[in-house]
Amino acid sequence: MTEFKTLDDADVTGKRVLVRVDLNVPMRDGVVTDRTRIERILPTIREIAEKGGRVILLAHFGRPKGKPNPEMSLEPVAGVLSEMLGQPVGFADDCVGPVAAGIVEGLKDGNVVLLENTRFHAGEEKNEEDFVTALASLGDVFVNDAFSAAHRAHASTEGLARHLPSYAGRTMQAELEALEKGLGAPKRPVVAIVGGAKVSTKIDLLQNLVSRVDALVIGGGMANTFLAAQGVAVGKSLCEHDLAETARSILKAAGKTGCEIVLPTDAVIAREFKAGAASETVDVNSVPEDAMILDAGPKSVETVIAWLDKAETLVWNGPLGAFEIEPFDAATMAAARHAAMRTKAGKLISVAGGGDTVAALNQAGVAGDFTYVSTAGGAFLEWMEGKALPGVEVLKA
Ligand code: AMP
């Protein structure tokens, strides 16, 4: 099924293996505050080291704009990684040049070293040939384990794969296999849930989905734009009135492809957006002028659940309401728990991604029950938009 090579195909023993990983971890005052991303890359590092490869880790951190910036150094990450791996992790304070070459030279089979932030060099984001060549000179083999950076054609994500024999790491492999199940060759019916604040950030995604899924549930603030485009008065709700035409064209496209668009029929409204604000449930056609829609109502949730019961596959990005504040989390929590329950029962393949979606699934306590939850933000969205990701395409070549 996979069109790309994996670690199963790689001979890493005694080789210098350049491994692109995602270490863009939350950090405060030089302390790593969330280890999820580091956790995910351990299997690939361990496997290469156990096979006798010399692991040379490449990653970016923040946006230093092509210049060294001590605040965006990866050095603090090396210590945490070492602790989690249970073996020493060396650190080179430059990812190319004599410092990096010297450290790589001294590596023994099974050793691990982390090189400094690739974005300290302008050649990284520009994918400059000289910089790619400098990086490539440090390794014999390239392994990309950073799906989250694969939507960018940078030196360490795309350039290197053109210079060295290249393979997907285990985390990248798992991500690509899950995404293939989600939209590549999914079991039908496929239902997509797309929510969140705005239509404007998800136009390409909606346009792609209407041609690929059987039902598209639209929720969150963006549903208001669709309702308003159909003449529903949404009061003070978050709504992009200037996108009415776009919303109508998406509805029209869905009509042509036979994709059922599922919009809320009732809503939880309030006058203020704060915890404990007085709220009530109304029909979407009865939203008072001074109120705002902050969540989908129980009838709408029933419809979503009925679709989840029919579906073989679910792809989800974006919450159904303003889930950060109670009681406007109810629709998102109910849908998340139902999808998790169907998945655990072996009835549903569920793939979800995007920062807020991961937070919502964690809040519902079900992230671990989904088939796959992607922590990649931009790359996951571009995949949902149907775009080719340069860092993935080059692995298939
Ligand atoms: P996004 O980043 O586009 O996925 O949007 C996520 C954000 O949309 C979350 O912070 C939600 O609180 C917000 N959101 C969802 N539904 C609504 C709504 N009906 N009104 C205002 N904000 C909402």
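Before I start, a cut-off: I call a residue buried if its relative accessible area is under 20%. I also keep in mind that this is a predicted model.

**Entry 1: S73.** I looked up the relative accessible area of S73 and got 12%. That is under the cut-off of 20%, so S73 counts as buried. I found S73 in the loop between β4 (54–58) and α2 (75–85).

**Entry 2: what S73 touches.** I then checked the backbone: the nitrogen of E75 lies 3.0 Å from a polar atom of the S73 side chain. Skipping neighbours within four places in sequence, I listed M27, F91, E116 and F120 as the contacts of S73.

**Entry 3: strand β6.** Next I went to β6, residues 112–115. V112 and L114 point one way, V113 and L115 point the other, and all are buried. I noted the general rule that side chains in a regular strand alternate between the two faces of the sheet.

**Entry 4: partners of β6.** Which strands pair with β6? On one count, β4 runs parallel to β6, joined by 3 bridges, and L57 stands opposite L114. I also found β5 (residues 89–92) paired with β6 in the parallel sense over 4 bridges, with V89 opposite V112. From β5 I traced the chain through helix α3 (residues 97–105) to β6, and this β-α-β crossover is right-handed.

Conventions: Residues numbered from 1 in each chain as written. Predicted model: local features only at pLDDT ≥ 70, side-chain atom pairs only at ≥ 80, totals over all residues. Heavy atoms only, no water. Helix = DSSP H or I, 4+ residues; strand = E, 2+ residues; numbered from the N terminus. Buried < 20%, exposed > 50% of the residue type's maximum accessible area, 1.4 Å probe, protein only. Polar contact = N/O pair within 3.5 Å; in protein donor to acceptor, adjacent residues only side chain to side chain. Contact = heavy atoms within 4.5 Å. Pairing = 2+ DSSP bridges. Right-handed = clockwise from strand over helix to strand, strands pointing away.
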